[in-house]
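Subject: Structure handover

Hello,

Please find the structure below. My notes on it follow.

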Amino acid sequence: NDDTLLKVRTTTGESFIRLHSITFKDFLDRAIYLDGAIANLNAFNCELQSSNIRISADSTSAYGIYARGPFIVDTIFQSLHIDSALPSNIVGVYLTDTAKVTLSDIVIEENLTGVYIPPIGGAPTLNFKGMFIDGTTDINIGHPGTKGSISATAARSKTIVDPSAPISVNL
């Protein structure tokens with residue numbers, strides 16, 4: 001079952017993908033799914049938007065961006081707006097297994113969790129600059145090896161960061 005609007009999956013080699021001014025609407029499970037050895041993905045002025053996100057029977061959550069390593073490098077999203085508007089299990093950005101992602105000028109709005117890095121797999125790297133609006137949890141960094149930096153407008157009461165993670169957080 002693959003209910004994804006844009007899926008990029010590679011096991012070897014390099015790829016280059018550039019997205020510009022695209023709106024992804026009404027996705028099921030994942031809007032953008034990055035899996036494997038992606039060399040470069042650049043997304044500028046894009047929007048993930050839904051008033052009708054549906055979660056399939058075999059999933060527990062839906063994701064705006066789902067990135068899983070082990071070799072995702074130079075993945076950049078700039079001027080991205082993730083807006084769920086639904087009170088269900090929506091995660092704006094999910095990173096695992098050494099994924100390396102840069103998010104700049106990002107607005108994550110009305111998601112159950114804005115950014116989630118679970119304590120599984122290899123340590124990912126996140127560089128994030130943006131803001132969170134009306135979410136339940138803005139940032140949840142559960143992996144103790146998570147690297148990078150976060151500069152965000154976010155509620156401290158909605159931010160969870162593993163204290164041993166070598167990530168710089170400026171709220």
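**Strand β8 and its partners**

Valine 93 stands opposite valine 115 in β10. That position belongs to a parallel pairing of β8 with strand β10 (residues 113-117), over three bridges; two strands pair if DSSP finds at least two bridges between them. Strands here are DSSP runs (E, at least two residues), numbered from the N terminus.

Before the rest, the basis of the numbers. This is a predicted model, in which local features need pLDDT of at least 70 and side-chain atom pairs count only at pLDDT 80 or more, while totals for chains, interfaces and linings use all residues. Residues are numbered from 1 along each chain as its sequence is written, and side-chain values use heavy atoms, with hydrogens and water left out.

β8 (residues 90-96) also pairs in the parallel sense with strand β6 (residues 62-70), over six bridges. In that pairing tyrosine 66 stands opposite tyrosine 94. Strand β8 is mostly covered, with seven of its seven residues buried; buried means under 20% relative accessible area, exposed over 50%, and partly exposed in between (1.4 Å probe, protein chains only).

Threonine 96 lies in β8. Because its relative accessible area is 3%, threonine 96 counts as buried. Leaving aside neighbours within four places in sequence, threonine 96 is in contact (heavy atoms within 4.5 Å) with residues including Ala67, Arg68, Pro118 and Ile120.

**Aromatic pairs**

There are four aromatic pairs in the structure. Rings of Phe, Tyr and Trp (its six-membered ring) pair if their centres lie within 6.5 Å; planes under 30 degrees apart count as stacked, over 60 as edge-to-face and the rest as tilted. One of the pairs is tyrosine 66 with tyrosine 94, stacked at 4.7 Å centre to centre with 15° between the planes. This pair links distant parts of the chain, 28 residues apart, with tyrosine 66 in β6 and tyrosine 94 in β8. Both tyrosines are buried. Phenylalanine 128 and phenylalanine 132 have ring centres 5.2 Å apart and planes at 15°, so they are stacked; both are buried. Ring pairs also link Tyr33, Tyr66, Tyr94 and Tyr116 into a cluster.

**Cores**

A nonpolar core is a set of buried Ala, Val, Leu, Ile, Met, Phe, Trp, Tyr and Cys residues joined through side-chain atoms within 4.5 Å. The largest one has 32 residues, of which Phe77, Leu103 and Phe128 touch the most other members. Strand β9 (residues 100-109) gives the most to this core, with four residues. A second, separate core has five residues, among them Tyr33, Tyr66, Val91 and Tyr94.

Phenylalanine 77 lies in strand β7 (residues 75-83) and is buried because its relative accessibility is 1%. Its C-alpha atom is separated by 8.0 Å from that of isoleucine 106, 29 residues apart along the chain.

**Backbone points to check**

Most residues other than glycine have a negative phi. Threonine 98, in the loop between β8 and β9, has a positive phi near 65° and is partly exposed at 31%. Aspartate 105, in strand β9, has a positive phi near 55° and is partly exposed at 38%.

**Confidence**

The chain has a mean pLDDT of 78, and 72% of its residues reach 70 or more; pLDDT is the predictor's confidence in each residue, from 0 to 100. Over residues 51-57 pLDDT stays under 50. Where pLDDT is low, the predicted coordinates should not be read in detail.

Regards
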